[in-house]
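I set out to record what could be looked up about helices, strands and their packing. The entries follow in the order in which I made them.

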Amino acid sequence: MIEDIELETLINDVYEYYGFDFGSYSRASLKRRVYRVYQLDGFKHFHDFLSRVRTDAEYCRRMIDEITVNVTEMFRDPSFYMTLRKEILPLLGTKPFIRIWHAGCSTGEEVYSMAILLHEAGLLHKSLLYATDVNASVLETAKSGIFPLRMIKDYADNYRDSGGQEDFSNYYIANYGYAKFNQNLAEKMVYSQHNLVSDTSFNEFDLILCRNVLIYFDNNLQKRVVKLFDDSLSVLGFLALGTKETIKYSISQSKYKQFDKEKIWRKIK
């Protein structure tokens, strides 16, 4: 396993050489992810790995991509999407226009899930989905709307469990082991690179989703990111986090009301 001092040296070097700041990431999670890359690429000594990172910008970018990938799937946690479908979207539907931000969108499965929900609620035409991630390569996958066909049965099951009534196969075309999702869903999506660690707010949103990203950050960075979301959320807007995440220790509770048993909060002032 990588020693603590080695990990700190890597963090400092990546920041010094390339300006990417891992300093506020959870050390346990970061150590596991770095060690995975270290093993995959066949390094025997940490100084060789460090030397490669320092001298090869392309390799460093690939390493950063590897350690910032988040696992995702369509309609992940179907009960969460059921709540969106039945309780949140009817409230957002009263607005003339709906802006949604998927922060840390990874390969885009959850963005397409949201587009399908909006389509079925008759709201997609007046919605815009902003999807951001620090990892440029996963954004390319997300933009393509192409996902492995072997995953589609699980996604279809999740869709049905989230209250979906349509034939899920209507939303994609299957070809050569992949499913390509319909262009009319993608037309309402805007993808761009955004770093939650260092970048600022860029719009006002009615719903922000950042599920299972904060768990990789330390407490101080979690507070900073929640403040960023607060600055980006309209009054009476909604913030959705992952099952193990909370805003409880990050911001005044008088500003937010937990919407239900799912990790969804409504900004009340």
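I took two strands as paired if DSSP finds at least two bridges between them. Helices (H or I, at least four residues) and strands (E, at least two) are DSSP runs, numbered from the N terminus. The model is predicted, so I noted that local features need pLDDT of at least 70 and side-chain atom pairs count only at pLDDT 80 or more, while totals for chains, interfaces and linings use all residues. Residues are numbered from 1 along each chain as its sequence is written, and side-chain values use heavy atoms, with hydrogens and water left out.

Entry on the parallel pair. I looked up strand β7 (residues 205-210) and found that 5 bridges join β7 to β8, the two running parallel. F205 has L233 of β8 as its bridge partner. I then checked burial, where buried means under 20% relative accessible area, with a 1.4 Å probe and protein chains only. Strand β8 (residues 233-241) has 7 of its 9 residues buried, so β8 is largely enclosed by the rest of the structure.

Entry on the open sheet. I found 3 strands in the order β3-β5-β4, with antiparallel pairing. β3 (146-148) and β4 (172-175) are the edge strands, each with a single partner strand, so one side of each has no neighbour in the sheet. The twist averages 30° from one strand to the next. β4 and β5 (residues 178-181) pair over 4 bridges in the antiparallel sense, and Y172 has F181 in β5 as its bridge partner.

Entry on α1 and α2. At what angle do the two helices pack? I read about 85° between helix α1 (residues 4-18) and helix α2 (residues 27-40), with the axes 11 Å apart. Axes are lines fitted to C-alpha atoms, for helices over the stretch in contact, and angles run from 0 to 180 degrees between N-to-C directions. That makes α1 roughly perpendicular to α2, a term for 65 to 115 degrees. D4, L7, E8, L10 and I11 of α1 meet R27, L30, K31 and V34 of α2; contact means heavy atoms within 4.5 Å.

Entry on α6. Helix α6 (residues 109-120) has 12 residues and reaches 17 Å from its first C-alpha to its last, close to the 16 Å expected at 1.5 Å a residue. The expected span is 1.5 Å times one less than the number of residues. In α6, 10 of the 12 residues are buried, so α6 is largely enclosed by the rest of the structure. The buried residues include E109, E110 and Y112. Just after α6, I noted that G122 takes a positive phi of about 70°.

Note on methods: Buried means under 20% relative accessible area, exposed over 50%, partly exposed in between (1.4 Å probe, protein chains only). Angles under 35 degrees count as roughly parallel, over 145 as roughly antiparallel, 65 to 115 as roughly perpendicular and the rest as oblique.
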